[in-house]
Amino acid sequence: MQARNRRKISTTVAPETDTFLKSLIRQGKASSLAEAVDRAVAVARRAESRSRLEAATAAYYASLSGKALKEETKIELAAGSASTLVDFDGE
């Protein structure tokens with residue numbers, strides 16, 4: 001991870017959280033506790049963003065009717081098929 005402007009925090013965590021964060025370091029997925037926390041928060045933020053996107057998408061499709069809905073369904077099927085080839089998380 002690149003060096004960047006960092007903020008110092010002091011907190012306590014559950015033992016299982018501590019174990020999880022340290023396992024990220026042992027697995028080489030993070031080089032420090034701070035980086036492990038950043039990684040875990042990034043995963044949580046992605047999940048939250050996906051949930052918001054999912055809700056917005058559902059609302060959009062619920063607002064469609066007739067011909068527009070049929071056209072969007074065709075596009076959805078094509079995009080869904082193509083998206084299986086993409087690793088969105090870069091893992």
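Mentor: Happy to! Let's begin with D87, which sits in the segment after α3; helices here are DSSP runs of H or I with at least four residues, numbered from the N terminus, while strands are E runs of at least two. This is a predicted model, in which local features need pLDDT of at least 70 and side-chain atom pairs count only at pLDDT 80 or more, whereas totals for chains, interfaces and linings use all residues. Residues are numbered from 1 along each chain as its sequence is written, and side-chain values use heavy atoms, with hydrogens and water left out.

D87 counts as partly exposed because its relative accessibility is 41%; buried means under 20% relative accessible area, exposed over 50%, and partly exposed in between, with a 1.4 Å probe and protein chains only. Between the C-alpha atoms of D87 and V37, which are 50 residues apart along the chain, there are 23 Å.

Now step back into α3, residues 66–83, where we find E72. Its C-alpha atom is separated by 25 Å from that of D89, 17 residues apart along the chain. Setting aside neighbours within four places in sequence, E72 is in contact with Y60, Y61 and L64, where contact means heavy atoms within 4.5 Å.

Of its 15 lining residues, V37 is among the closest to the centre, together with R7, I9, L33 and A34. A pocket is an open set of points on a 1 Å grid over the protein atoms alone, where a 1.4 Å probe fits, with protein on both sides within 12 Å along at least five of seven lines; lining residues have an atom within 4 Å of a point.

Finally, look at α1. L21, S23 and L24 are buried there, and the buried residues of α1 pack against α2 (33–63). On the other side of α1, P15 and R26 are exposed. Just after α1, G28 takes a positive phi of about 80 degrees.
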